[in-house]
Amino acid sequence: MRKKHLMPNQKLPPKQMIDAVREVLLRKWDPIGIQDEPLAQDEYDSYVLVVCRLIIENRGKAVIADHLHQLVTVNMGLTGNYNHCLTVADALVKLNAVPST
């Protein structure tokens, strides 16, 4: 049986973390409204690994929200909603929370 290699602060195995972050970005963040477009399900994939790193490094909700807001306003050139980014960041931070017993 292969041993899962986790970063010291990582609670989910890498594949699960990537899949979970991808799902949150697509279903909760979705600044361009493509979550129901079958051919656009990979639209935010280029952002997933950076967000995973921020989560694993315990950078916190504000840093993640800042990053998401910058992606929307600078990279995409859209009007951003910082409070929405904070809500999404909260969901993302919870992905790495210690499961309750």
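Predicted model: local features only at pLDDT ≥ 70, side-chain atom pairs only at ≥ 80, totals over all residues.
The side chains of aspartate 90 and lysine 94 meet in a salt bridge, with an N to O distance of 3.1 Å.

How accessible are the two partners? Aspartate 90 has a relative accessible area of 27%, so it is classed as partly exposed. Lysine 94 reaches 55% and therefore counts as exposed.

Elsewhere, salt bridges with shared partners connect Arg53, Glu57 and Arg59 in one network. Across the whole structure, the search returns 6 salt bridges.

Let me turn to helix H1. Arginine 27 and glutamate 23 form a salt bridge through their side chains, at 3.1 Å from N to O. These two residues both lie in helix H1, and their spacing is 4 residues, about one turn of the helix. With a relative accessible area of 35%, arginine 27 is partly exposed. Glutamate 23, at 41%, is partly exposed as well.

The next pair has another arrangement. Which residue does aspartate 45 meet in a salt bridge? The partner is arginine 22, and the N to O distance between the side chains is 2.6 Å. This pair links distant parts of the chain: aspartate 45 sits in helix H2, residues 45–56, whereas arginine 22 sits in helix H1, residues 14–29. The two are 23 residues apart.

Aspartate 45 has 31% relative accessibility and so counts as partly exposed. Arginine 22, with 30%, is likewise partly exposed.

I close with the cysteines. How many disulfides does the count give? The count comes to 0 disulfides, by the distance rule for sulfur atoms. That rule asks for a pair of cysteine sulfur atoms within 2.5 Å.

Note on methods. Residues numbered from 1 in each chain as written. Heavy atoms only, no water. Salt bridge = Lys/Arg side-chain N within 4 Å of Asp/Glu carboxyl O. Buried < 20%, exposed > 50% of the residue type's maximum accessible area, 1.4 Å probe, protein only.
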